[in-house]
Amino acid sequence: MADRLRDKIERGQLVVTAEMPVIDGGGIDDVRYQLAFMAEYLDAVNATDNAAAHAHCSPLALSLAIKQCGMEPIMQLVCRDRNRLALQAEIVGAAMHGITNVCCLTGDDVTAGDEPEARRVFDLDSIQLVAMANAIAAGTYLSGRTITPAPDLFIGAVENPGAPPYDYRVRRAFKKVRAGARYLQLQISFEAERLDAFMAEAVATGLAEKAAILPSILLVRGAGALKFVNANVPGIVVPADMIARVEAAADQQQACEDEAFALARRALDTPGVAGLHLISFRRDAGIAALCRRLEVGTRSERESRGDHHLLRV
Amino acid sequence: MSLVSALEHAVKKPVFGCQMCGQCVLHSTGMTCPMTCPKTLRNGPCGGVRENGHCEVKPEMRCVWVNAVTRSATLPMLPRRWRDEIDDVRAPVDNRLKGTSSWRNLITGRDKATPVGWPDDGHG
């Protein structure tokens, strides 16, 4: 189905997306291998753009591979590595190949990666990137030069409910929506209360009606990975008591699955949440197992049920 | 650098850390210069702000946008209109204006010029 993500979001149906593990070598066979673990549960798959400021296979090339494997890609673009000309070229180039889901991010700083000596770009910020993508979808480059026909983009963005200033996050998300974002894949959050507060404000202010909000859940193998994320991923806090619980468990992987399940269940039951975005560092069938435990159904089961998760105007 | 821009830099550098972008938005960002953000973000904080409110890139520095959001709400004497402008969508920087005087660009209206394709509703 073409435009599955857009179609489901516009109908208010539950959406499940996941992040493609980063690809370096291994070619399309590696993409196919990674997708096989989770594809039947997913509506679309994110192709990251030099995730965590480490160079990898480009998001356009990865999106093409995801498409060749029969899945719908969401091409992420960050502002760190490219100026406005390069970003426009990438969006228009992706549209040429039928890749129309574009998710716009600021991007971790170069200092978070393994080449901290690189020049950071940030010619645009994420909100300007959303607005520029929206201009392209309306048929012009930023210069005003026309694009005929205009690519039919479905533009998204990201927000982080777990980073200060907490009471400004919904307002910043609103800026993205005003600039043209139709869905928000939230940053991974291990702090359920932060997500609760963000969603309560998102519902109260009408943000959740204007954009599909997808909280992100991260699957890891053990306490070591949680500590690594807490120490090294900008903007993500893993509560000390969660790390302690996993560390004390006889089976740390099982404990991580239990924590992820509890966070995901709570997120799905939170008013205004339109679906989930799932990220795994495990390179195994963890995402599929989590989906089964959540009883969200496979994609075809959800489609045959045709149930409405939320009503969106 | 012209006399005007030299004077502007002399006044604004010590107080605001002015980077002479030539399109000053201080009044709408709680008198906090967004160009002092290592990512030069003009529309709000990135997602990497540390739990203590400090910068992802410079851990010793408080996030420019944590300051901007707080100050736009609390600074005395700031007109209501300026407080509300923090939620405006600001257009991309015109890199040709770097080093020029934003005072002059304000008077001539040059600082308000946006690319032809920049969406009108993108102004917020």
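Student: In chain B, what share of contacts between residues at least 6 apart in sequence join residues at least 24 apart?
Tutor: The share is 58%. Two residues are in contact if their C-beta atoms, placed from the backbone, lie within 7 Å.

Student: What kind of model is this, and how are things numbered?
Tutor: The model is predicted: local features need pLDDT of at least 70 and side-chain atom pairs count only at pLDDT 80 or more, while totals for chains, interfaces and linings use all residues. Residues are numbered from 1 along each chain as its sequence is written, with chains lettered from A and ligands numbered from 1 in the order in which they are written.

Student: How many helices and strands in chain B?
Tutor: Chain B has four helices and zero strands. Helices (H or I, at least four residues) and strands (E, at least two) are DSSP runs, numbered from the N terminus.

Student: Why call chain B as compact as a globular protein of that length?
Tutor: Because its radius of gyration is 15 Å, close to the 14 Å that the globule rule gives for 124 residues. The radius is taken over C-alpha atoms, and the rule is 2.2 Å times the number of residues to the power 0.38.

Student: What percentage of chain B is buried?
Tutor: Of its 124 residues, 41% count as buried. That takes 20 or more other C-beta atoms within 10 Å of the residue's own; 12 or fewer is exposed, in between is partly exposed, and C-beta atoms are placed from the backbone.

Student: Switching to the interface. How many residues of chain A are in contact with chain B?
Tutor: 34 residues of chain A, against 29 of chain B. On the chain A side, helix 5 (126-137) and helix 6 (169-179) are the elements that give two or more residues.

Student: And which residues have the most contacts inside the largest nonpolar core?
Tutor: They are A:Cys104, A:Val130, A:Ala133, A:Leu184 and A:Ile213, in a core of 103 residues. Helix 5 of chain A gives the largest share, nine residues. Such a core is a set of buried Ala, Val, Leu, Ile, Met, Phe, Trp, Tyr and Cys residues joined through C-beta atoms within 7 Å.

Student: Is A:Glu295 buried or exposed?
Tutor: Exposed, because A:Glu295 has 9 C-beta neighbours inside 10 Å. Its phi is near 55°, a positive value in a residue other than glycine.
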